[in-house]
Amino acid sequence: MVRQLPSVDEILRWPETASLIASYSRGVVVNAARRVLDRLREEILSGCREEVSSSEIIARLRQEVRPRLRRVINATGVVLHTNLGRALLSRRAQEAVKTAVAHYTNLEFNLATGKRGERYSLVEELLCLLSGAEAAMVVNNNAAAVLLALNTLAAGREVIVSRGQLVEIGGSFRIPDVMRQSGAILVEVGTTNKTHRRDYREAITERTALILHVHMSNYRIIGFTSEVPVPELVALAREYNLPVMSDLGSGSLIDFSRFGLPYEPTVQETVKAGVDVVTFSGDKLLGGPQAGIIVGRREYVERMKRNPLNRALRIDKMTLAALEATLRDYLEEEEALQNIPTLKMLLCPPEELRERAEKLAQMLEGLEGITVQVIEGFSQVGGGAMPTAQLPTWLVAVTVASLGESALLKALRSRVDPPVIARAEKGMVVLDPRTFSEEEIPLLVEAFRQVLAEGWA
């Protein structure tokens, strides 16, 4: 049976292979063909199979040559889905990235002087204008921003943090771990649910470098709780000539409570409260690329820029291009609300969601073997932001007689292109129109058509 397997050269001569070579290059297809043949040979020798068809070889070959990073359709209703790449970029940001990667840029070149420039200057003025801070810089994510700030301002010295704010972020990374890597010494004060001003005061010594406030952006403690407001922390720190640093986590330039969403402190109000260093993410509520943004007093930001660790954490031209374009939209709030996908999804009117859900449902009803209904439900913000927020939405609930919900979810994500990521609810597969677009409806219908036609289980 092994002898009947075609050679790599023979596979390359098949008509079906020609289109793969045109799309992915000969070298990629050759390597993929070798891997496919090696696996088939192992399966035959182990007794797992007795025959192999050319159509199966082509199917496996297509699977092998596809890029590992692929487009998917997010039908989960989680707007800032960390596993699916968080914030989508605005069209202006997309165009800015295309320009940056297709041409040389003045990334670190001062066009006025003809000498080396500073990459942070490309967005620093915008960040200062929008936040009210004296200075700003950007690194590759918010954990890096916290690491750099603590290493610069508190290495070998003590940092006071409320015990209730020692959060764990995605991927099991914890604030105490980041602090340990920075060289700062953690001093916990208060209890899990209550921390008072006197707790901070009693912890201040000559070894104290700063007071750190961590906004609980990815969880809430409710009930018998108490924490010291940021303005009070600032007032206390001023008595001892200490800086205050605030890690906002998600970070936002818009007060979402105006739109009926839970209150989140904005970057502007945090800076206005007198906080010396503020850190936040670029790819969460801001709606831009992955980045860790630092704004604050000039003396502290300049020290961070000079820290050798900064070079290991710096961002590239694509991130800077996308971030600048995103920030420009915030110069006019209405522009941001209209142009930035994250903001549009979070604030999408219920009637628009229902219309989109009903359109998809109507198209799916034409497929045989499927039951579809539009029901009320809730979306999530995601990305460690607004953990208690439930966004009312309308869901397209689907059941397929020949497939259980788990099998249907698996088929949608692994057997169609682009993969569809949905969720299960009350024994049904549901698709949330908050996170898929009007243009993606035909792709969703085609995905279900393929699943039903092939009868995958």
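**Questions on a predicted model**

Trainee: Which helix gives the most to the lining of the largest cavity?

Mentor: On a 1 Å grid over the protein atoms alone, a cavity is a set of points where a 1.4 Å probe fits but cannot get out, and lining residues have an atom within 4 Å of a point. Helices are DSSP runs of H or I with at least four residues and strands are runs of E with at least two, numbered from the N terminus. The element that gives the most to this lining has three residues in it and spans residues 121-131: helix 6.

Trainee: From what number are residues counted along each chain?

Mentor: This is a predicted model, where local features need pLDDT of at least 70 and side-chain atom pairs count only at pLDDT 80 or more, while totals for chains, interfaces and linings use all residues. Side-chain values use heavy atoms, with hydrogens and water left out, and residue numbering follows each chain as its sequence is written, starting from 1.

Trainee: What is the volume of the largest cavity?

Mentor: Rolling a probe the size of a water molecule over the atoms shows where empty space is left. Grid points are joined across faces, edges and corners, and a volume is the space filled by probe spheres set on the points. One cavity of 30 Å³ or more is counted by this rule. The volume of the largest cavity is about 40 Å³.

Trainee: How many charged residues line the largest pocket?

Mentor: A pocket is an open set of grid points with protein on both sides within 12 Å along at least five of seven lines. The largest pocket has a volume of about 1600 Å³, and of its 49 lining residues the closest to its centre are Leu88, Leu89, Gln94, Pro341 and Met345. Elements that give two or more residues to this lining include helix 5, helix 15 and helix 16 (341-346). By class the lining has 22 nonpolar residues and 13 polar ones, and the charged count is 14.

Trainee: What percentage of the residues in the protein are buried?

Mentor: The protein has 19 helices and 16 strands, and its C-alpha atoms fill a box of roughly 80 × 55 × 45 Å along the principal axes. Buried means under 20% relative accessible area, exposed means over 50%, and partly exposed lies in between, with a 1.4 Å probe and protein chains only. Of the 457 residues, the buried share is 49%.

Trainee: Is Asn241 buried or exposed?

Mentor: Asn241 lies in the loop between helix 10 (230-239) and strand 9 (244-249). Its phi is positive, about 55°, although it is not a glycine. Because its relative accessible area is 70%, Asn241 is exposed.

Trainee: What is the relative accessibility of Arg86?

Mentor: Arg86 is in the loop between strand 2 (78-80) and helix 5 (91-102). Arg86 is not a glycine, yet its phi is positive, about 55°. Arg86 counts as partly exposed because its relative accessibility is 22%.

Trainee: Which residue has its ring under the charged end of Arg354?

Mentor: A charge sits over a ring if NZ of Lys or CZ of Arg is within 6 Å of the ring centre and within 35 degrees of the ring normal. The charged end of Arg354 is 4.0 Å from the centre of the ring it sits over, that of Trp394.

Trainee: Which residue is joined to Asp417 by a cis peptide bond?

Mentor: The residue asked for is placed in the loop between helix 18 (405-414) and strand 14 (420-421). The cis bond has an omega of about 0°, and the partner of Asp417 is Pro418.

Definitions and conventions: Nonpolar A, V, L, I, M, F, W, Y, C, P; charged D, E, K, R; others polar.
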